[in-house]
Amino acid sequence: MILCVTGPMAAGKNYVTALLEKKGFISIDADLVGHKAVEECREKILETFGSIAEERKIRLLDENKKIIRRNLGVLIFGNDELVKKQEQIVYPYITEKIEKFIEENKNQNVIVNATVLYKIPLVKKMDKILYVDVPAIVRFFRARKRDKMKMRQILARFKNQKKLFKCYKETGVPVVKVRNWMSSLKKLDSIIEP
């Protein structure tokens, strides 16, 4: 079985993934793969966004010549055209790494922990999508504590992810909503049955 565990910021995707790992699943975190993709695609990112960053006085490289992901996010966030360019650079790398992980573990139950897997054709390989969610107010305080982000940044990210559930429903892959509450999490056994 191949599951996508997804949901909005601070909903508890990692927590649900960890619970499923205790049941024998193995997982790959698309966010971590994405971080590696940014470094592997560093030259193309600098070529694409360097002059724009310079104009806006946003530094893209740290003292070790690594991409400052947060600054790259500040540069492209809110600009659909720039986001699309970024996705065209990193998504092929991410897709390749996740497909390789799935292939190498084809005899096991696999989880792809990803927020925006719906954007790439790889989503069609999922048997089910577990959409993890809790009320926005709970997610807000989790994000503040965990990520130390400013309120404006959190609210902007929430707004950007507002249609996330709908996007996953539109993939045609069965979606099961999991409320990240103890009573709901006890139902995981029935959800992961084929």
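K65 is found in the loop between helix 3 and helix 4, where helices (H or I, at least four residues) and strands (E, at least two) are DSSP runs, numbered from the N terminus. The model is predicted: local features need pLDDT of at least 70, side-chain atom pairs count only at pLDDT 80 or more, and totals for chains, interfaces and linings use all residues. Residues are numbered from 1 along each chain as its sequence is written, and side-chain values use heavy atoms, with hydrogens and water left out.

Although K65 is not a glycine, its phi is positive, about 65 degrees. K65 is exposed, with a relative accessible area of 52%; here buried means under 20% relative accessible area, exposed over 50%, and partly exposed in between (1.4 Å probe, protein chains only). K57 also lies in the loop between helix 3 and helix 4. The phi of K57 is near 60 degrees, a positive value in a residue other than glycine. With a relative accessible area of 76%, K57 is exposed.

Two packed helices are described by the angle between their axes and the distance between the axes. Axes are lines fitted to C-alpha atoms, for helices over the stretch in contact, and angles run from 0 to 180 degrees between N-to-C directions. The table gives these values for the packed pairs.

| Helix pair | Angle between axes | Distance between axes |
|---|---|---|
| Helix 3 and helix 5 | about 165 degrees | 10 Å |
| Helix 3 and helix 4 | about 65 degrees | 11 Å |
| Helix 4 and helix 5 | about 135 degrees | 8 Å |

Angles under 35 degrees count as roughly parallel, over 145 as roughly antiparallel, 65 to 115 as roughly perpendicular and the rest as oblique. Helix 3 (residues 42-55) and helix 5 (residues 80-104) pack at an angle of about 165 degrees. That makes helix 3 roughly antiparallel to helix 5. The crossing of these two helices, helix 3 and helix 5, is left-handed; a crossing is left-handed if the near helix is turned anticlockwise from the far one by less than a right angle, and right-handed if clockwise. On helix 3 the contact is made by K44, I45, T48, F49 and I52, and on helix 5 by L82, K85, Q86, I89 and V90. Contact means heavy atoms within 4.5 Å.

Helix 4 comprises residues 69-76, and its packing angle with helix 3 is about 65 degrees. Helix 3 and helix 4 are therefore roughly perpendicular to each other. The crossing of helix 3 and helix 4 is left-handed. Here I45, F49, I52 and A53 of helix 3 make the contact with L72, L75 and I76 of helix 4.

Helix 4 and helix 5 pack at an angle of about 135 degrees. That makes helix 4 oblique to helix 5. In this pair, L72, L75 and I76 in helix 4 meet L82, V83 and Q86 in helix 5.

Helix 5 also holds T95. T95 is buried, with a relative accessible area of 17%. Leaving aside its neighbours within four places in sequence, T95 is in contact with I120 and L122.

R139, F140 and A143 are the buried residues of helix 6. Seen down the axis of helix 6, its buried residues fall within an arc of 105 degrees, so they line one face of the helix. The arc is that of the directions from the helix axis to the C-beta atoms. An α-helix has 3.6 residues a turn, so residues three or four places apart point the same way.

The buried residues of helix 6 pack against strand 4 (128-133) and helix 7 (151-160). On the other side of helix 6, I137, F141 and K145 are exposed. Helix 6 is followed by K148, whose phi is positive, near 55 degrees.

Y15 lies in helix 1 (residues 13-22) and counts as partly exposed at 39% relative accessibility. Y15 and N180 are 165 residues apart in sequence and 8.8 Å apart in space, C-alpha to C-alpha.

V176 is found in strand 5 (residues 175-179). V176 is partly exposed, with a relative accessible area of 24%. Between V176 and V132 there are 8.6 Å in space, C-alpha to C-alpha, and the two are 44 residues apart in sequence.
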